[in-house]
Amino acid sequence: MAAGADEIHGIIIVGGGICGLATALALHRKGISSLVLERAETLRATGAGIGIQVNGWRALDQLEVGNELRKLAMPLSGSACRMDKRDIHDSSRAIKVPIRTEFRCLKRSDLLETLAKHLPVGSIRFGCQVEAISLEPITRFPVVSGNDGTSIKAKHAVFAIYPEGHNFANRFQQLIGDGVNFRLIPIDDKIVSFNAIHLQPSKADCSTISRNMELIQLVTLQRMQGFPEEIIDLVRHCDTASLSFTQFCYRAPWHMAFETFQQGTVTVAGDAMHVMGSFLGQGGACGLEDTVVLARCLARTTMSEGVNHSGDDRKLGKSIENGLRLYVKERRWRILMLSFQTFLMGVLVAASSGFKKVLATTVLAVLFRSNCKPKEHTRNSRTPLTRAVPTPGPTHSHWKSWAEWIVEAQARLRRGRSTRRGLSIHVTDRAVTRRALVQHSAAFLDRPATSVPSTILTRSRHHNVLSAPYGPYWRAVRGHVAAGALHPSRLGQLGDLVRALRSGAPAGESLHFAVFSVIAEMCFGEDVVYELGEARLRAILRFQRDLLLALPSFWVFVKYPRIGRLLYTSRWRQLLALRRQQEVSFLPLVAEVRNRKTKARHGSTFTAYVESLRELRVHEDGDRAVTDGELVSLISEFLGAGTESTASALEWTMDNLVKHPEPQRKLRLEVDAVVGSSRDRTVEAADLSRMPYLKAVVLERLRRHPPVPFVLRHVRGRDADAAAGALGVPRLPGGGATVNFLVGKIGRDPAAMMPFGAGRRICPGLAPVVFYLEYFVANLAREFERWEADGEEVDLAEFHGSFFTLMDRPLRARLVPQDAAAAAAARPAK
Ligand SMILES: Cc1cc2nc3c(=O)[nH]c(=O)nc-3n(C[C@H](O)[C@H](O)[C@H](O)COP(=O)(O)OP(=O)(O)OC[C@H]3O[C@@H](n4cnc5c(N)ncnc54)[C@H](O)[C@@H]3O)c2cc1C
Ligand code: HEM
């Protein structure tokens with residue numbers, strides 16, 4: 001999209017208020033860049049505090065700033081509303097309601113600064129007032145032009161600071177007088193934020209007092225006749241410099257039902273979409289929800305339609321339009337209901353007629369029982385956007401883990417048809433698991449076809465190692481997986497990772513990318529990172545991850561192969577587009593690798609995975625080579641299975657060390673003892689075998705948080721009897737059985753860990769993976785003196801939304817380099 005004559009930007013956001021910045025951050029989390037144009041010269045925190053309800057916190061969690069902000073915010077335990085104007089001074093007449101969900105107040109400036117802090121440098125342009133937005137005729141991208149504009153809305157809110165501490169409880173208070181609706185929220189022990197909405201202000205008021213702080217204070221005090229003394233004192237002694245007075249804008253609920261909200265590639269969010277009265281305190285939280293949904297919808301369509309990197313502007317414009325359409329569709333009902341509820345609350349508070357009040361109360365009671373509707377959105381998970389599942393349907397739905405999907409689906413198939421379709425068995429006993437997978441591995445050779453991503457993606461046409469039935473093809477391809485392990489001397493990623501972490505880049509993301517780069521080099525050859533460049537490589541990583549997360553929603557095509565694609569057409573198109581995107585990304589790379597192979601190879605003995613696959617012949621199948629379809633599935637498996645599991649294991653290990661300084665210290669001592677004190681030398685492959693503590697640390701994390709927490713097998717036919725014996729059940733039905741060995745649970749017993757599965761289908765990546773994990777952890781321990789939590793507590797919660805068990809929140813750590821720590825120690829104390 002264009003921003004002025006010469007500049008082209010991906011997405012332009014007009015307005016750097018709460019929603020503008022949150023939208024930019026949400027898009028950033030989804031890997032989409034944007035530019036915020038703000039007319040003010042700095043971050044503008046008009047108003048003092050803002051009460052954020054539980055849905056807002058959920059959105060902030062998804063933006064990955066929730067915990068950081070929680071530390072700056074005060075939790076509120078209840079609300080008290082004095083609606084009776086005659087007894088407004090009497091606190092015992094207040095209607096008190098406990099708040100049982102999360103509701104905290106924080107300074108607006110803290111919120112804005114935190115959002116801005118997490119944006120890439122240069123994402124906000126201040127002093128840039130947008131005057132008009134028009135659509136470019138061919139691509140229908142918006143063209144934004146500057147200066148001069150209109151003011152949008154009004155509030156009158158300040159802080160009052162009590163150096164000795166205030167006596168207001170941690171409760172949201174509302175006092176409804178004749179002249180003003182007064183709202184007060186404590187931000188912490190010493191600061192109280194308040195705002196006073198002038199009911200029916202005269203035009204003269206607005207024009208004369210808006211620029212004079214003393215007048216604002218005076219007029220407000222005049223309108224507060226009969227208010228309790230402590231509240232009057234609060235206004236009388238507040239810092240007038242922070243007062244502001246502007247006109248309040250409002251959009252009626254019925255507008256939400258019919259307003260278009262989108263024109264081509266332009267849409268609105270936050271107050272620009274649904275500015276509402278402040279009776280419910282939901283404006284900001286609802287705006288934050290908008291931003292999360294908007295980023296998801298945009299990422300979903302640009303990613304699924306495979307156009308974000310195709311360079312075709314028309315296609316990109318179309319997919320952005322589709323994304324915005326989805327966003328508006330998803331938000332309309334939600335904002336309609338919220339603004340209707342706010343409207344009814346307003347009628348209840350401000351109407352003079354008793355009849356209107358009764359009517360408003362009745363409708364509120366019927367439609368919005370106990371004011372709980374805003375919390376509906378709390379189903380919106382805490383899962384960060386970078387981990388969120390980009391699937392069709394509402395973004396707040398709860399996603400089951402992949403294992404749950406399979407098991408539940410198997411159970412549904414089983415009901416009433418157990419003899420034909422088979423039985424589903426869960427195994428949590430370690431002795432039974434060992435007996436079955438290790439001693440009787442010949443009876444447990446296949447996985448249920450429907451449990452494997454590539455079966456779903458290619459509808460069983462192009463197998464990879466995971467999905468292949470035990471047999472000649474499986475034997476041929478499996479042998480090649482671990483063939484091309486890189487020698488550490490060729491691992492340039494370590495240096496890149498250290499540089500990224502030294503520069504303060506997000507730790508989780510940096511580790512993830514470093515692991516992906518290693519796996520990509522194992523797959524395509526040592527030069528792939530250099531030749532593709534970081535941007536293209538990151539794009540592949542992103543769509544591979546999005547694909548993985550979207551897989552559960554495609555299960556329907558396995559269950560209903562024929563009518564599924566008719567019933568779920570857009571999902572079906574998404575699946576085809578994702579597969580197509582894999583083909584257009586991987587096959588040219590394979591051709592390049594082949595060309596490269598004919599040239600000089602710098603004396604390297606390393607053979608990339610795709611090179612070895614190209615040479616491969618399936619002897620039992622007429623000496624055939626692997627097809628292009630199979631190649632794409634195999635590469636996708638290698639990149640996906642390899643990266644997510646290894647990166648997850650590395651993150652769990654690092655996070656645990658960040659949380660526990662003592663093992664961190666012990667590990668560092670071991671590494672230094674083996675490698676010596678000279679900082680010039682890195683940890684080499686040969687050193688690792690002399691570091692038993694390092695091995696224990698890595699294996700312990702694999703045990704406690706196995707990236708793949710279940711191992712699935714399908715047994716039938718001749719194997720069924722042997723399998724039944726191993727499982728200790730009398731016999732299996734004719735349709736066979738799906739057996740789910742819950743190795744995650746079993747591994748809680750230290751003697752029984754199986755993070756890589758067991759038997760003939762054990763993970764072929766085991767040896768190189770453990771080696772790379774140790775290599776990265778040891779070198780990072782040597783390079784960085786301390787790893788500390790970055791601003792917030794380490795949270796070891798798991799996310800089960802995909803095939804793998806990931807961290808619910810990506811690793812956040814501040815790593816202090818050795819040289820910086822030494823310099824700090826040498827500095828004389830002041
Ligand atoms: C008195 C009051 C109390 C409230 N209390 C709460 C509460 O407790 N909880 C809650 O959740 N919500 C509350 N709200 C609502 C909440 O403040 C808003 O919903 C929220 O600030 C909306 O954010 P926004 O980014 O959409 O708009 P804003 O925060 O208004 O930001 C808009 C930005 O756009 C910029 N801008 C405008 N025009 C242009 C232009 N032409 N070119 C460039 N930049 C431009 C402005 O300078 C501004 O920075 C309250 C609102 C009021 C009025
Ligand atoms: C910490 C990292 C890893 C973990 C925890 C892990 C775990 C697993 C598990 C549990 C299985 C199923 C085993 C079974 O059914 O018995 C598996 C299979 C597999 N893994 Fe891994 N894995 C990891 C890394 C890798 C890597 C890096 C690759 C390749 C680049 C890889 C490729 C495969 C393949 C191809 C299979 C299928 C094997 C078969 O069916 O024969 N894995 N992995």
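Analyst: In this predicted model, helix H29 spans residues 719-727, and its buried residues are Ala-720, Ala-723, Ala-724, Ala-726 and Leu-727. Viewed down the axis of H29, these buried residues lie within an arc of 160°, so they line one face of the helix.

User: Which residues are exposed on the other side of H29?

Analyst: Asp-721 and Gly-725 are exposed there.

User: Why does Gln-282 count as buried?

Analyst: Buried means under 20% relative accessible area. Gln-282 has a relative accessibility of 1%, and therefore counts as buried. Gln-282 belongs to the loop between helix H9 (271-274) and helix H10 (283-304). Its side chain makes a polar contact, at 3.4 Å, with the side chain of Gln-53.

User: Which residues form a nonpolar patch on the surface?

Analyst: A patch of this kind is made of residues with over 30% relative accessible area. Here the patch consists of Tyr-560, Ile-563, Leu-566, Leu-567 and Tyr-568, which together have about 510 Å² of accessible area. Tyr-568 has a relative accessible area of 32%, so this residue is partly exposed. Tyr-568 is placed in the loop that runs between helix H22 (564-567) and helix H23 (569-598).

User: What donor does the protein provide to the iron atom of ligand 2?

Analyst: Donors are N, O and S atoms within 2.8 Å of the metal. For the iron atom of ligand 2, the protein supplies a single donor, the SG atom of Cys-763, 2.3 Å away. Cys-763 is located in the loop between helix H30 (743-746) and helix H31 (766-783).

Key. Residues are numbered from 1 along each chain as its sequence is written. Chains are lettered from A and ligands numbered from 1 in the order in which they are written. This is a predicted model: local features need pLDDT of at least 70, side-chain atom pairs count only at pLDDT 80 or more; totals for chains, interfaces and linings use all residues. Side-chain values use heavy atoms; hydrogens and water are left out. Helices (H or I, at least four residues) and strands (E, at least two) are DSSP runs, numbered from the N terminus. Buried means under 20% relative accessible area, exposed over 50%, partly exposed in between (1.4 Å probe, protein chains only). A polar contact is a pair of N or O atoms within 3.5 Å; within protein, one must be able to donate a hydrogen and the other to accept it, and residues adjacent in sequence count only if both atoms are side-chain atoms. Patches are made of residues with over 30% relative accessible area and no salt bridge: like charges are joined within 9 Å, nonpolar side chains (Val, Leu, Ile, Met, Phe, Trp, Tyr) within 5 Å. Accessible areas come from the Shrake-Rupley method with a 1.4 Å probe; for residues, only the protein chains shown count as cover. A salt bridge is a side-chain nitrogen of Lys or Arg within 4 Å of a carboxyl oxygen of Asp or Glu. Donors are N, O and S atoms within 2.8 Å of the metal (3.2 Å for Na, K and Ca); water is not among the atoms, so sites may look incomplete. The arc is that of the directions from the helix axis to the C-beta atoms.
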